[in-house]
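Subject: Structure handover

Hello,

Here is the structure you asked about. My notes follow below it.

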Amino acid sequence: MTLEVKNLVKIFDGKKVLDNISFRVESGYTLGVIGFSGSGKSTLLKIISGILYEDEGEIITPKDSEIAMAFQYSALFDFLNVHDNIAFPLVERKDYRKKYSKEQISKIVSEKLKMVGLEGIEEKYPSELSGGMQKRVGFARAIVTNPNIILYDEPTAGLDPVTSTMIEDYIVRLKNELNASCVVVTHQLSTIKRAVDYVIMLYQGRIVFTGSVNELLSGRNEYAKQFVNASIHGPMNIATS
Amino acid sequence: MFELKKTLTYQGYILLWGQIRDFLITLGNIGCDFSRVLKYLLSLRVNIKETIEQSKRFAYDSLPISLTIVGMTSAIIAMQLAPELARQGGGDYTGTLSALVMIRELAPVMSGFAIISMVGSSFASEVASMSVTEQINAMRVLKVDPVEYLIVPRFVAGGLFMPVVFIVSATFGLICAGLVSNWCADLSLLNYITSLWHGLYIRDIFIALLKTSFFGATIALISCSCGYAARGGAKEVGLATTKAVVWSFLAIAFWDFVFASIFYL
């Protein structure tokens, strides 16, 4: 299931926050989107997921595609427990309503929780979980409808290195098990190295680098080099980005 | 050198325009959300489970405060009205007057205020928190329409259960007024009930039921709509809640005026 973004433009208050963005993600591959804060990464994900509309360009996905998104701060429904959070689309979505019995839904929820390494926490509420656990419950909720396109917004932000590694492993595992096209927006080089197949880099709404992870790390591109070296000197002016 | 932008008149104009713009945007948001709610209602797509859940909040949570406010107000009015009427030989009219005031105005408006403070503010802050923490965006990505899941059940619950709160509150208010009249002006309860019976009109009760149904649905719609439009952080949640409360008060005054003009003018 291929995800294709063609000549995407998004304008906020007269300013182009995304300018002519194009890329393609094949099934079983993960694209990393990097860039400084405010470069348009999260806006890009919101457009692909349908939260925002594009001003120009198009998002091309096959008709029967199912898009899921794991949010930066998990966005779990705090009034529902873990079971009901994960079961939410199966219970509330028009095309899933009455498709499964209560027992079947509970079984699916348990399976998805197992896939993200969390079992037996169905009755807990989001406020009772650690940040890493909330992220993984968010993943479980995202994959409950077996999506073929998965979007991750800063999946390892604010987590300790060990939990980040675990999350990165789950991103790879979910991609392989679902054979999904994945897009990961991140600032973390460790996530790029462990969970991503190729990378685009955004600066002021435009793509300034496209290539493999090795090419990103090689330092041949000035923008990529500045990002990888975390340098304030380079073609990107952080103050205006 | 004269600078237009620094003049007080210009600053005042900008401030006024900001208020007008904000008013129009809020009105537009409420209108849009209402049209979407109406679409679901007309296609009979109402989430029953969620509606029952919200109805419990509407009827149960607001009842104690509604009973207190309506009961106290009617007792205070009876305290001042009954001795004066008795002094002027019109003690037998206490029940009639209480019924008219209670059913037509006091109980609907006071229970409306109670519901705004107890339920409306809670709806607004809840939906606003969901909006600023991306829970509403998550719903959209999961292909569940937040209007169908969040606003429609609250709207229906408001429309159906505010009349129930009104009936209970008004009954309690009339009982309080009777007891206070008996205590303050030595009016017998039998006389009060007989007089009350003369002031109770079926038409008034039906109008009040219809009016409170409008109040309830409007409070729910405004509260959810203000919360739904919130963007940003904790400050915006507070602002959305304040806006919901203020707009709900205004809406109640507006509907009350409309109903009075249609049915009693």
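What percentage of the 241 residues in chain A do buried residues make up? The answer is 41%. A residue is buried here if 20 or more other C-beta atoms lie within 10 Å of its own, exposed if 12 or fewer, and partly exposed in between, with C-beta atoms placed from the backbone.

First, the ground rules. This is a predicted model: local features need pLDDT of at least 70 and side-chain atom pairs count only at pLDDT 80 or more, while totals for chains, interfaces and linings use all residues. Residues are numbered from 1 along each chain as its sequence is written, and chains are lettered from A and ligands numbered from 1 in the order in which they are written.

Chain A

Chain A has eight helices and nine strands. These are DSSP runs, numbered from the N terminus: helices are H or I with at least four residues, strands are E with at least two. The radius of gyration of chain A, taken over C-alpha atoms, is 18 Å, close to the 18 Å of the globule rule for 241 residues, so chain A is as compact as a globular protein of that length. That rule is 2.2 Å times the number of residues to the power 0.38. Along its principal axes, the C-alpha trace of chain A spans about 55 × 40 × 30 Å.

Contacts count when C-beta atoms, placed from the backbone, lie within 7 Å. Among contacts in chain A between residues at least 6 apart in sequence, 66% join residues at least 24 apart.

Look at helix H1 (residues 41-49) of chain A. Eight of its nine residues are buried. Among them are A:Leu44, A:Leu45, A:Ile47 and A:Ile48, but also A:Lys41 and A:Lys46. A:Gly50 follows H1(A), with a positive phi near 95°.

Where chain B meets chain A

In chain B, 11 residues are in contact with 13 residues of chain A. Helix H4 (residues 135-141) of chain B gives the most to that side of chain B, with five residues. The side divides into five nonpolar, three polar and three charged residues. Nonpolar means Ala, Val, Leu, Ile, Met, Phe, Trp, Tyr, Cys and Pro; charged means Asp, Glu, Lys and Arg; the others, Gly among them, are polar.

A helix pair in chain B

Helix H5 (residues 146-185) and helix H6 (residues 189-199) of chain B pack at about 135°, with axes 9 Å apart. Axes are lines fitted to C-alpha atoms, for helices over the stretch in contact, and angles run from 0 to 180 degrees between N-to-C directions.

Regards

Technical notes:
Two residues are in contact if their C-beta atoms, placed from the backbone, lie within 7 Å.
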